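Dear colleague,

Please find below the structure that I am handing over to you.

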Amino acid sequence: MKLKKLATAFLAGLTFLGVTLTSAPKALATSSSSTHTLNSAYVVYGAGTSQEARQNLAKVFETDSSFKTLTATAADYNKYIANGSSNTTDAAMISSVAIAPGDPGSGVKVNIKDYNGSNNITQVTSQQYAMVAQMAGVTDVSIVVTANRPVSGESALTGVYKALAEDGVSLNTENTATANEMLSATQPAINANKDDATYPGKLMAAVGDVSKQLAQQKQDNQELATKQDIEDMLNKALADRGIQDQTTSEQVTQISGALVNFQNSPISSSKTYINNVTNTINNVKDSTGNLMNKAKDWANSAQAKEAVEQAKGWFTRFIEWIKSLFN
């Protein structure tokens, strides 16, 4: 009889391990590949923010004490974004970010949050941030972006890259600089379609589609697409997403140029990129507005820790129950 009870307990234990533990927050570093997530959570303030502003920014981020605090400087911007060609000063570094690890396969999700009731990120969209971060080699993270005064938002990704570096990941600066070119290349098309809330998601999904196709082709037969090939791929992707008529030939040419550089960057040779970009395409394609992540999703949040502790408590009681079968 005890053996039968033990078998039942063992099966119940397998169910618990397969469901409850896999639903707990995960942070899996993949530093051996070209795409990376985080082991810890970070909040990265722009160097141009005051201590008073940082206190208010922390409230916007809704972070807790488990988040490690960093500062993004002009030197960081020059390293990761401008590829050594910028005269940006620390005072100009205003955009701030919070970033935490997500579940494996979750891709990149980005929220832009208001500061004192105002959206101070005046140009870049959540969907742009998400796809560009993915193209730089970041994956499976949740990001929140905000600023304490109006800024374009172009420097915000510096904080994301700074967090990865602090976490022990050496991002390829050629990848990050090339990804930032895509941010600039897609801006005119997004500005021209600012009255269509669905456009940024569809455009960045189309960009992701082409980047995936280029990476696959490069890895399959080692052949690079020509500039005309890439323009044709992009036009088809835009048509598939239903926005070809909203995107001018000049805008297509500009975005195609950035995709040429992506094809020549190291990340396009990464086998993991193809799967990871698919996850982020799925995140951006139907998203509208500033909130891609509808719920607070900090992997290291107090709520998440409480859930894990509750799971541990349940498991302790479960072990005690198994022991009781032998008494």
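The protein contains 11 helices and five strands; please bear in mind that the model is a predicted one. Of its 327 residues, 49% count as buried. The protein exposes about 14,800 Å², and carbon and sulfur atoms supply 49% of that area. Among contacts between residues at least 6 apart in sequence, 84% join residues at least 24 apart.

The five strands form an open sheet with mixed pairing, in the order β2-β1-β3-β5-β4. Its edge strands are β2 (68-72) and β4 (108-112), each of which pairs on one side only. On average, and with direction ignored, neighbouring strands of this sheet are turned by 20° against each other.

Within the sheet, strand β3 (residues 96-101) pairs with strand β5 (residues 141-146) in the antiparallel sense, over six bridges. In one of these strands, β5, S142 is the bridge partner of A100.

Two helices that pack on the sheet may be described in turn. Helix α4 (residues 126-136) touches β4 and β5, and its direction makes about 145° with that of β4. Helix α5 (residues 157-166) touches β1 (42-46), β2, β3 and β5. The direction of helix α5 makes about 125° with that of β2.

With kind regards

Technical notes:
Residues are numbered from 1 along each chain as its sequence is written. This is a predicted model: local features need pLDDT of at least 70, side-chain atom pairs count only at pLDDT 80 or more; totals for chains, interfaces and linings use all residues. Side-chain values use heavy atoms; hydrogens and water are left out. Helices (H or I, at least four residues) and strands (E, at least two) are DSSP runs, numbered from the N terminus. Buried means under 20% relative accessible area, exposed over 50%, partly exposed in between (1.4 Å probe, protein chains only). Contact means heavy atoms within 4.5 Å. Accessible areas come from the Shrake-Rupley method with a 1.4 Å probe; for residues, only the protein chains shown count as cover. Two strands pair if DSSP finds at least two bridges between them. Axes are lines fitted to C-alpha atoms, for helices over the stretch in contact, and angles run from 0 to 180 degrees between N-to-C directions.
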